[in-house]
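Please look over the sequence and the structure shown below before reading on.

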Amino acid sequence: MSAAGLKKLTIEHLRGSVAPFALPLEQGKKLTVVYGENASGKSTICDAFEFLGKGRVGSLENRGLGKTNKYWHSVGKKPTDVAVTLENLDGSSCRAIIVKSDVVANPAAFRPRVEVLRRSQILALVEAKPGDRYAAISRFIDVSGVETSEAALRQLIRDLAGNGEVALARVRENLDAIIQFWEAAGKPGTDPLSWADTESKRDPNAADAEVAALIRLQAAYSRLNDYPARLKSASDVVKRAKEAATEAEQQAQQCVLTVATDAGEVMGVLQAARAYLHKHPSPAVCPLCESAERVEGLDQRITQRLASFSTLQMAQNRTKETEAAVQRAEQQWEALRDNAKNDAEGFEKARAGFVWSADIPMPAATPQDTDSLEVWLTASAHLTAKWKNAETARQDKKQFIGTLRRALRTYMENVQAQQELDVLLPKLNRALEIVEEERRAFTDSILARIAGEVGRIYELVHPGEGLNKISLALDPSKRASLEIGASFCGETGAPPQAYFSDSHLDTFGLCVFLALAAMDDPENTILVLDDVVASVDEPHVERLIEMLYAEAIEFRHCLITTHYRPWKEKLRWGWLKNGQCQFVELAKWTNQHGLTLIRSVPDVERLRILLAETPPDPQLVCAKAGVILEAALDFLTQLYECSVPRRPGGPYTLGDLLPSIAKKLRNALQVEVLARDAAGALSYQTKSLTPILDELIRIAQARNVFGCHFNALSFELLDSDAIGFGQKVLELIETLADPDAGWPRNSKSGKYWANSGETRRLHPLQQPT
Amino acid sequence: MDTPSQALATRITERLVREGLITAEAAKRLQPKFAEGKLRPEDWRLPIELAEKKEAKP
């Protein structure tokens, strides 16, 4: 939805507006031309729009001022005094003020979209570096989001292509392994893969029970293996213990014989006495004979006698120890024999408790007698290696099935992955092609649209010069870099900066700005052009102005400031399409009043006002009508290439111009005037200029008599002659030109001259011969 | 108003659908992330595989 039309702009203390300034905007006119001499405040009006729309004051930028905020307010005012208010025709408005150092617009929803181009910025985009140029138009062609997603697709393709190579290598690797297994197995079946499929379906645990039985059998056999040696060793220990006991017994008997017959009993009595004296030291009498004689020193004497019996005692102790050792050795030997018998039974269980495969040899039954064990072990010793081999063979078989199964599974998986990739990758590649194609086409089409638009607008100003073939292209070797080219002398893609004149470049810069602004939501955009016409050379100004008129209607509103005086004069004479344009003139700026408006009234309108006064002033009417008639005759004589007296310097007078409209032409001149009838329908009414011109020839002297100089002849004439002259001129100009649509200067029809919108069609096209 | 990325993402997904590379439903889901640059490699694979399976079904 497009935003409402503008009603009024009010500027308070921004830049040159030392006093509040209001710019009323005429309803129904989307173009406002603000004319003013230098230092009249034109840029302040542009600043106000930029302040409101963008929160900045661009006219101060790039002037070496650094941060410009401190210069935004008028001299003698504070930043808080600054305000810009834009009122709209629908009653809404938006007011921008400075809060701290920020511009705050309230309500933000009604903040207008504003694009400002100043004279100093016209060439900014054309002369910018390609990267900066790209930045300026990136809002139209920035597809970085799509590019990032495109990169992800490219990455996926790269990864999958890598995965495909790995899968292929694995397919080969696993097929080689299967072929090797197949060859090692003697190439059974028709081919390695069907063989591997059959083999891998075998139960890898089928031999587990036999392997477990083999392990048990070997463990049982291993336990029996050292019994013969251990039994012999135990038997030797018994034998040696017995020999030691016999020897100790003999030595003890020899000792008893040596000491005394009853030495043993005496030694027992002495030991008992010493134990008694430990408990009852220093007795008064002997505990055996109860005599007090020689009781003193009894303890020492008992100790001395016992010492003489120690050898006998040691021999007796030795005898006891060797007897105990014999007993222990005999117990150990018995226990070992029992264990041997048990382990032999264990082996027998392991041997007889499983149905062995034919390739596993078994020994004879284990002997019942441990003495025969050694012989049995010797006879069966060679079997242990065979059992081990049988176990290893079965373990290897199990492992082989596992390995084969894994190899086959990996092979199948990678073959499948490869097949899936063979289908997927072409589709992904096609998707990437589409993304790349569409992205290029998208950006190219936008660039072509912008370039076409620039060329179209440029052609309006420079028709037929062949400079309208504009190209915009992204540099494929650089990111975000925009090259700009134009046609010049048959060469396309030439940098305009290198070939165009300054004036052509200025127009070009303006066209680029307009084309970009028109692409970005123009119906909601206020376009502000600050004095951009002044840099264009004279022959192109009129077409530039026509172009601006044509382009302005695309925007919400267009405001153009200018100090180009001919524009003012052409508006004054109604040469331009005043109907869609509001013309505003600024008086010279003063530090007391700031910006002020001057009422500008076109001359035709002024004549109408003079004629409407009561009573009309004949002198003023004639003067104004004379100037307008000269303008009309100047226009007609140029249009029909009439003969006019040639003289050096000085303008043509009414006396020169009026007779130059030859009778044949005068009789042929007629105008089709587009007008609404009573019912409101538009239709052409043909009006001849002949009677008007004839009458003007008759009364033209009135102008000189009344309107130019003091002339006593005027005393003789009636005021009504002067007023009649004025009325006839008004009739001529109203027939010939439309105050809103200008003068008929266009011969495109090939039949007549027409003004804009063809509200006037002037016949004939050429002077009759 | 669509950003350039959004407009382009719409154009591309519409063409991918036309060429049978993704389904219309997948295109709808893809579009926002596509325009924002948030599509990861696996986000591309799945819809293309799904369209392929759908196409393969009798």
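The structure is a predicted model, in which local features need pLDDT of at least 70 and side-chain atom pairs count only at pLDDT 80 or more, while totals for chains, interfaces and linings use all residues. Residues are numbered from 1 along each chain as its sequence is written, and chains are lettered from A and ligands numbered from 1 in the order in which they are written. The term pLDDT denotes the predictor's confidence in each residue, on a scale from 0 to 100. For chain B the mean pLDDT is 91, and 93% of its residues reach 70 or more. The model has an ipTM of 0.96 and a pTM of 0.61.

Chain B contains three helices and zero strands; helices (H or I, at least four residues) and strands (E, at least two) are DSSP runs, numbered from the N terminus. Along the sequence, chain B follows the pattern α-α-α. Of the 58 residues in chain B, 33% are buried. A residue is called buried if 20 or more other C-beta atoms lie within 10 Å of its own, exposed if 12 or fewer do, and partly exposed in between, with C-beta atoms placed from the backbone. Contacts in chain B can also be sorted by separation: among those between residues at least 6 apart in sequence, 51% join residues at least 24 apart. Two residues are in contact if their C-beta atoms, placed from the backbone, lie within 7 Å.

How does chain B meet chain A, and how many residues of chain B are in contact with chain A? There are 23 residues of chain B in contact with 26 residues of chain A. Two or more residues on this side of chain B come from each of α1 (4–18), α2 (24–36) and α3 (41–56) of chain B. The largest share, eight residues, comes from α1(B). By class, this side of chain B has 13 nonpolar, two polar and eight charged residues. Here Ala, Val, Leu, Ile, Met, Phe, Trp, Tyr, Cys and Pro count as nonpolar, Asp, Glu, Lys and Arg as charged, and the others, Gly among them, as polar.

Helix α4 (residues 144–184) of chain A packs with α1(B) at an angle of about 50°, the axes being 7 Å apart. Axes are lines fitted to C-alpha atoms, for helices over the stretch in contact, and angles run from 0 to 180 degrees between N-to-C directions. The angle therefore makes α4(A) oblique to α1(B); angles under 35 degrees count as roughly parallel, over 145 as roughly antiparallel, 65 to 115 as roughly perpendicular and the rest as oblique. Ser144(A), Gly145(A) and Val146(A) of α4(A) make the contact with Ser5(B), Leu8(B) and Ala9(B) of α1(B).

Within chain A, strand β3 (residues 31–35) is mostly covered, with five of its five residues buried. Leu31(A), Val33(A) and Tyr35(A) point one way from β3(A), whereas Thr32(A) and Val34(A) point the other way. Five bridges join β3(A) to strand β12 (residues 557–562) of chain A, and the two run parallel; Thr32(A) has Leu559(A) as its bridge partner in β12(A). Five bridges also join β3(A) to strand β13 (residues 581–586) of chain A, again in parallel, and the partner of Tyr35(A) in β13(A) is Glu585(A).

Elsewhere in chain A, three strands form an open antiparallel sheet in the order β8-β9-β10. Two strands pair if DSSP finds at least two bridges between them. The edge strands, β8 (471–474) and β10 (491–494) of chain A, each pair on one side only.
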